[in-house]
Amino acid sequence: MVTEVSPITFGYSHTIGRQENRSGNGFFYPVAITRDDEGLLYVVSRGSETPAFFPCKRVTVLTVDEELVREFGTKVPPEEADSSAPDGTFMWPTSIALDKDGIAYVADEWLNRISVFDKNGACTSRWGIAGDAEGEINHPAGLAFDAEDRLYLVDSANHRVQIFTKEGKFISAWGVQGTGDGEFNHPWGIEIDHNGDVFVADWRNDRVQKFDRDGRFLMKFGSSGHGDGEFNRPSGVAVDKDGIIYVTDFKNDRLQVFNADGSFITELTGDATLSKWGRERLELDPGMMRGRDRAQGLQEREKLFNGPIAVEVDEEGRIFVVETARQRLQVYRKQVASFHGGPL
């Protein structure tokens with residue numbers, strides 16, 4: 001008797017979010033996501049650089065069922081958009097990570113700093129010095145904590161990864177600008193898997209690289225293009241408990257899925273339906289809902305990914321894909337079906 005396992009498939013679950021320029025039930029140009037031990041989602045809205053939309057810069061905490069829990073962070077006053085920016089404010093937030101205690105760390109690539117928030121959303125500290133020396137940062141992007149609560153920071157414009165203590169003390173770094181193994185060109189997203197290995201989305205090199213916890217190169221996959229396993233600016237990366245790798249292929253408007261060895265499995269291009277928050281907004285004006293129903297082809301067009309920029313996975317096999325251009329998350333479930341065959 002043998003057991004055969006079918007290819008991994010993914011079932012669409014639901015959509016979370018809508019555009020919300022200020023605070024409340026929605027996002028405005030979301031760019032990053034993480035989860036806490038209770039399953040709450042933390043979504044970073046980068047907002048627009050248009051002055052009228054400065055208030056949109058925030059972190060929204062919500063449930064998978066689209067219940068708003070809290071928000072924290074706010075805009076930097078335009079006249080203070082430098083090292084004097086008040087605690088708890090953002091200009092160009094890029095990423096978020098939680099330590100073992102659920103404390104949130106948010107990177108800001110304009111201010112070149114990391115802001116630290118407690119569980120109530122109060123800013124308790126900040127650190128970061130602009131520059132290219134050890135421990136200095138230039139346009140920080142992805143953040144991730146390892147099992148020892150060391151913070152890995154993608155130092156994008158310095159083309160490297162740096163490791164810090166939670167207090168911002170420099171530990172080590174690796175990477176230089178280039179196209180060789182272990183070299184980067186404006187890297188962006190980062191993930192640490194269950195084995196402690198580190199995956200980096202190498203943005204302008206159109207690939208993903210894998211390292212051990214100390215920065216020793218292990219493997220790479222991907223090249224420039226539009227075909228299976230090719231990328232056009234990979235931005236986010238996540239690895240589930242089974243070692244399956246998920247990469248947001250930003251300019252190709254898709255999520256690609258890979259085996260642990262980097263071999264291509266499949267792609268997702270979007271299946272969005274109207275979210276709960278979106279429906280609540282439309283129901284305030286019945287005319288808007290009727291207009292949607294009359295718009296030919298609208299639902300087919302809007303289901304597709306547009307600017308997928310970040311991805312997160314949980315222990316239940318759910319995949320959360322952040323779409324910056326459409327102000328939402330699409331949620332999928334991994335499905336692995338098996339069947340028993342007869343004796344060979």
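Tyr152, Trp174, Phe184, Phe211 and Phe217 come together as one aromatic cluster. Here, rings of Phe, Tyr and Trp (its six-membered ring) pair if their centres lie within 6.5 Å, with planes under 30 degrees apart called stacked, over 60 edge-to-face and the rest tilted. Before going further, please note that this is a predicted model, in which local features need pLDDT of at least 70 and side-chain atom pairs count only at pLDDT 80 or more, while totals for chains, interfaces and linings use all residues. Residues are numbered from 1 along each chain as its sequence is written, and side-chain values use heavy atoms, leaving out hydrogens and water.

## Aromatic pairs

By the ring rule, the count comes to 20 aromatic pairs.

Phe28 is buried, at 4% relative accessible area, whereas Tyr29 is partly exposed at 34%. In the other pair, Phe258 is buried with a value of 1%, and Phe264 counts as partly exposed at 28%.

Now to the strands. Helices (H or I, at least four residues) and strands (E, at least two) are DSSP runs, numbered from the N terminus. Two strands pair if DSSP finds at least two bridges between them.

An open sheet of four strands has the order S13-S14-S15-S16, paired in the antiparallel sense. S13 and S16 (170-174) are its edge strands, each with a single partner strand, so one side of each has no neighbour in the sheet. On average, neighbouring strands here are turned by 20° against each other, direction ignored. The axes behind that angle are lines fitted to C-alpha atoms (for helices over the stretch in contact), and angles run from 0 to 180 degrees between N-to-C directions.

Strand S13 (residues 140-145) is mostly covered, with six of its six residues buried. Four bridges join S13 to the antiparallel strand S14 (residues 151-155), and Pro140 stands opposite Asp155 in S14. These two strands form a hairpin with five residues between them, and in the turn Asp149 has a positive phi of about 65°. On its way through the sheet, S14 is also joined by five bridges to strand S15 (residues 160-164), again antiparallel. There, Val154 stands opposite Val161 in S15.

## Strand S22 and its two partners

Strand S22 (residues 245-249) is mostly covered too: five of its five residues are buried. Both of its faces are covered, with Ile245, Val247 and Asp249 on one side and Tyr246 and Thr248 on the other.

Strand S21 (residues 234-239) runs antiparallel to S22 and is joined to S22 by five bridges. Gly236 has Thr248 of S22 as its bridge partner. The hairpin of S21 and S22 has five residues between the strands, and in this hairpin Gly243 takes a positive phi near 85°.

S22 also pairs with strand S23 (residues 254-258), antiparallel and over five bridges. In this pairing, Val247 stands opposite Gln256 in S23. The hairpin of S22 and S23 has four residues between the strands, and Asp253 in the turn has a positive phi of about 55°.

## Cysteines

How many disulfides does a search of the whole structure find? The result is zero, where a disulfide is a pair of cysteine sulfur atoms within 2.5 Å. The sulfur of Cys123 is 20 Å from the closest cysteine sulfur, in Cys56, which is too far for a bond. Cys56 is buried, with a relative accessible area of 0%, whereas Cys123 counts as partly exposed at 24%.

## The second largest pocket

About 330 Å³ of space lies in the second largest pocket. A pocket, on a 1 Å grid over the protein atoms alone, is an open set of points with protein on both sides within 12 Å along at least five of seven lines, where a lining residue has an atom within 4 Å of a point. Of the 17 lining residues, the closest to the centre of this pocket are Gly17, Arg18, Gln19, Leu274 and Arg326. Helix H1 (residues 276-282) gives the largest share of the lining, three residues.

How values were computed
Buried means under 20% relative accessible area, exposed over 50%, partly exposed in between (1.4 Å probe, protein chains only). On a 1 Å grid over the protein atoms alone, a cavity is a set of points where a 1.4 Å probe fits but cannot get out, and a pocket is an open set with protein on both sides within 12 Å along at least five of seven lines; lining residues have an atom within 4 Å of a point. Grid points are joined across faces, edges and corners, and a volume is the space filled by probe spheres set on the points.
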